[in-house]
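Here's a quick briefing to read alongside the coordinates. Have a look at the structure first, then work through the notes by topic.

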Amino acid sequence: MNYLTRRLVTFPLVMLGVSVLVFISIRLVPGDAITAMLGTEAGLLTPEQRAALEAYFGIDQSWPVQYGRWLLGALKGDLGISVTFGKPVLDVILERFPLTLELALLSMAIALLIGLPAGVFAATRNEKPSDLGVRIFAMIGQSTPNFVVGLLLIYILSVGFGVLPVMGAFTPLFQDPLENLGQLILPALTLGFAFAASVTRIARSAMLDVLSEDYVRTARSKGAPAMSVLWRHALPNALIPVVTLSGVEFGYLLGGAVIVEQIFALPGLGRMVLDAILQRDYALVQGSVLFIALNFMIVNLLVDLAYAMLDPRIRLGDR
Amino acid sequence: MRILRAIFTHPSGRIGGTIVGLYLVVAILGALGFTPHDPLMQFRIDRLQAPDAVHWMGTDLFGRDVASRLMVGISQSFVVAFASVALAASAGVVLGLAAAWSGKGWDGLIMRIMDVLLAFPAILLALLIIAVVGPGTWTSVMAIAIVYTPIFTRVVRGPALSLKTRDFVDAARTFGSSRYYILTRHLMLNLVAPLTVQVTLALAWALLTEAGLSFLGLGTQPPASSLGLMLSDSRNLMEMAPWLLVFPGLAIMIGILGFNLLGDALRDILDPKTRRVAA
């Protein structure tokens with residue numbers, strides 16, 4: 001069985017494993033679900049009321065029955081009701097998802113726009129001072145946590161320029177694109193900074209590898225212009241690891257940038273999961289974690305497929 | 001000694017090694033209580049005092065000395081990072097060797113479980129574990145360890161699978177060496193190089209994750225000090241007291257940079273094939 005077939009076959013199995021892990025984790029939380037939902041008010045319930053509630057939420061059944069029901073519901077898109085929001089979990093998730101998706105796309109665009117040219121530039125000036133400068137920038141970028149970058153950006157804008165960044169609001173892209181960009185640019189820059197550093201490093205090392213290949217030397221010896229060798233012969237092949245890295249990072253970002261959303265008070269998926277955990281909204285935690293893991297796995301699978309398309313050795317080989 | 005010499009002749013290794021060494025000294029001093037002031041002492045008259053000769057890095061909203069809290073915070077972050085990476089590496093070595101040595105059935109089972117754990121973005125898995133166990137320092141250790149165990153398992157299993165088929169392992173079997181002896185002497189010793197690199201890089205991630213969890217209020221709990229917690233506290237005060245943001249921010253950044261540089265240097269030294277990639 002080749003690598004891709006194996007990935008496709010194991011995908012549903014791993015997803016099933018994820019659902020079991022999420023289901024069991026939530027049930028391992030100390031205390032019963034009714035108390036978790038109602039807090040101190042649960043103490044006011046009579047035994048009959050408690051039993052009725054347990055029957056209503058299906059938690060009077062054994063774990064395998066509960067899991068079966070939950071999984072069947074999940075397959076039909078029914079992830080339960082969020083206690084905090086008082087509406088279906090899937091609706092709450094889908095309300096938050098556009099922001100997270102847009103933020104991930106914007107961060108990736110920033111990372112590629114900065115990282116790719118920087119990496120290519122550094123590779124063409126290998127071991128020269130400008131290469132060293134790019135490498136130092138990339139190393140610092142990779143070592144700076146995004147919450148430090150976010151806070152510094154806020155500080156520089158508010159103290160240095162007297163501008164308070166827009167926080168806590170989100171206008172959908174198609175409603176007012178400019179306002180939307182104003183709200184998301186700082187968080188995207190924050191996330192894009194470390195992402196750009198990773199792209200720079202991987203693009204530089206991939207370009208260095210490709211530039212030492214025979215076909216590049218042949219193109220040069222045949223008198224092809226330097227720019228043509230760089231952009232037409234070298235770059236397309238150096239892009240393979242960049243695509244992989246970007247895909248994996250994008251997958252992470254689709255899970256919600258918990259900390260950055262928290263700093264900029266953005267109503268995204270990551271902050272929603274954090275709030276759900278803090279407020280013990282277990283249906284929401286369970287549903288959103290499953291949703292995020294599914295997204296993450298799909299993106300990783302797509303990255304593998306793209307990688308296999310770009311590099312036939314993986315498509316045909318047995319990894 | 002040879003490896004230390006190699007680290008200090010490598011440019012990244014020299015810088016990274018020096019940073020990590022200095023941080024270790026600060027962490028030990030912080031843990032032993034050798035700080036300029038008591039990190040919990042509230043100098044009420046000196047609240048939000050800018051850095052001066054008495055309080056080198058200023059004071060916070062409660063008048064606590066930032067430098068002292070930073071030292072204790074570094075030691076706290078190091079304890080979490082080292083403990084979680086030690087746990088993850090130990091679990092990863094046992095699981096990776098078991099998977100590689102047992103073959104088909106166990107290998108499949110162990111690696112599918114690892115695939116399930118890898119199906120979560122790291123911070124989300126950590127949040128899920130914290131949701132179950134409740135926030136705290138040791139919960140952070142456990143969460144970070146579980147998040148990084150699959151990575152160590154993969155790092156060990158791959159090379160162990162190929163080592164298993166090598167002639168020297170066959171020879172050891174022929175001479176009647178026990179399974180335990182072959183695993184610990186022949187396989188483990190050959191895995192030291194990739195593991196050392198992975199441990200160093202994982203320490204950088206662990207520092208980052210610990211700071212992130214504490215920043216969110218899910219790691220180390222106040223009044224204990226942690227770098228993430230200090231940064232979180234600085235959020236509403238940074239215009240008035242920028243030192244509350246700058247010093248912990250720099251401390252986290254330089255610490256992670258140190259481990260990253262050291263990890264890159266070790267990768268160059270121990271695996272020359274990746275030299276250019278690492279650069």
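**The two chains at a glance**

From the N terminus on, chain B runs α-α-α-α-α-α-α-α-α-α-α, which comes to 11 helices and 0 strands. Chain A has 14 helices and 0 strands. Keep in mind that this is a predicted model.

**Chain B overall**

- The C-alpha trace of chain B spans about 75 × 45 × 30 Å along its principal axes.
- Chain B has 279 residues, and 53% of them are buried.
- Take the contacts in chain B with a separation of 6 or more: 70% of them are between residues 24 or more positions apart.
- Chain B has an accessible surface of about 12,400 Å², with 67% of that belonging to carbon and sulfur atoms.
- On the charge side, chain B carries 21 positive and 15 negative charges, and their mean positions are 13 Å apart.

**Chain A overall**

- The C-alpha atoms of chain A fill a box of roughly 85 × 60 × 35 Å along the principal axes.
- Chain A has 319 residues, of which 46% count as buried.
- For chain A contacts between residues at least 6 apart in sequence, 72% join residues at least 24 apart.
- Chain A exposes about 15,300 Å², and carbon and sulfur atoms supply 67% of it.
- There are 22 positive and 23 negative side chains in chain A, with the centres of the two sets 12 Å apart.

**Where the chains meet**

- The contact draws on 50 residues from chain A and 41 residues from chain B.
- Together the two chains bury about 3,900 Å² between them, and 79% of that is on carbon and sulfur atoms.
- The count of salt bridges between chain A and chain B is 1.
- A:Arg201 and B:Asp264 meet through their side chains in a salt bridge, at 2.9 Å from N to O.

**Salt bridges inside chain B**

- Over all chains, the salt bridge count comes to 13.
- B:Arg112 pairs with B:Asp115 in a salt bridge at 3.0 Å, N to O; both sit in helix α4 (residues 104-118) of chain B, 3 residues apart, or about one turn of the helix.
- B:Arg112 counts as partly exposed because its relative accessibility is 34%, whereas B:Asp115 counts as buried at 14%.
- B:Asp115 also forms a salt bridge with B:Arg154, with the closest N and O atoms 2.9 Å apart.
- B:Asp115 is in helix α4 and B:Arg154 in helix α6 (residues 137-164) of chain B, so this pair ties together parts that are 39 residues apart in sequence.
- B:Arg154 itself is partly exposed, at 45% relative accessibility.

**Salt bridges inside chain A**

- Salt bridges with shared partners join A:Glu127, A:Asp131, A:Arg135 and A:Arg204 into one network.
- Within that group, A:Arg135 forms a salt bridge with A:Asp131, the closest N and O atoms being 3.4 Å apart.
- A:Arg135 and A:Asp131 are separated by about one helical turn because they are 4 residues apart in helix α6 (residues 129-143) of chain A.
- A:Asp131 is buried, with a relative accessible area of 0%, while A:Arg135 counts as partly exposed at 23%.

**A loop residue to look at**

- A:Asp60 sits in the loop between α3 (47-57) and α4 (63-75) of chain A, and counts as partly exposed at 43% relative accessibility.
- Leaving out residues up to four places away in sequence, A:Asp60 touches A:Glu54 and A:Ala55.
- From A:Asp60 to A:Ile156 is 96 residues in sequence and 55 Å in space, C-alpha to C-alpha.

Notes
Residues are numbered from 1 along each chain as its sequence is written. Chains are lettered from A and ligands numbered from 1 in the order in which they are written. This is a predicted model: local features need pLDDT of at least 70, side-chain atom pairs count only at pLDDT 80 or more; totals for chains, interfaces and linings use all residues. Side-chain values use heavy atoms; hydrogens and water are left out. Helices (H or I, at least four residues) and strands (E, at least two) are DSSP runs, numbered from the N terminus. Buried means under 20% relative accessible area, exposed over 50%, partly exposed in between (1.4 Å probe, protein chains only). Contact means heavy atoms within 4.5 Å. Accessible areas come from the Shrake-Rupley method with a 1.4 Å probe; for residues, only the protein chains shown count as cover. Lys and Arg count as positive and Asp and Glu as negative; His and the chain ends are not counted. The place of a charge is taken as NZ of Lys, CZ of Arg, CG of Asp or CD of Glu. Buried area is the accessible area (1.4 Å probe) that two parts lose on being put together, summed over both. A salt bridge is a side-chain nitrogen of Lys or Arg within 4 Å of a carboxyl oxygen of Asp or Glu.
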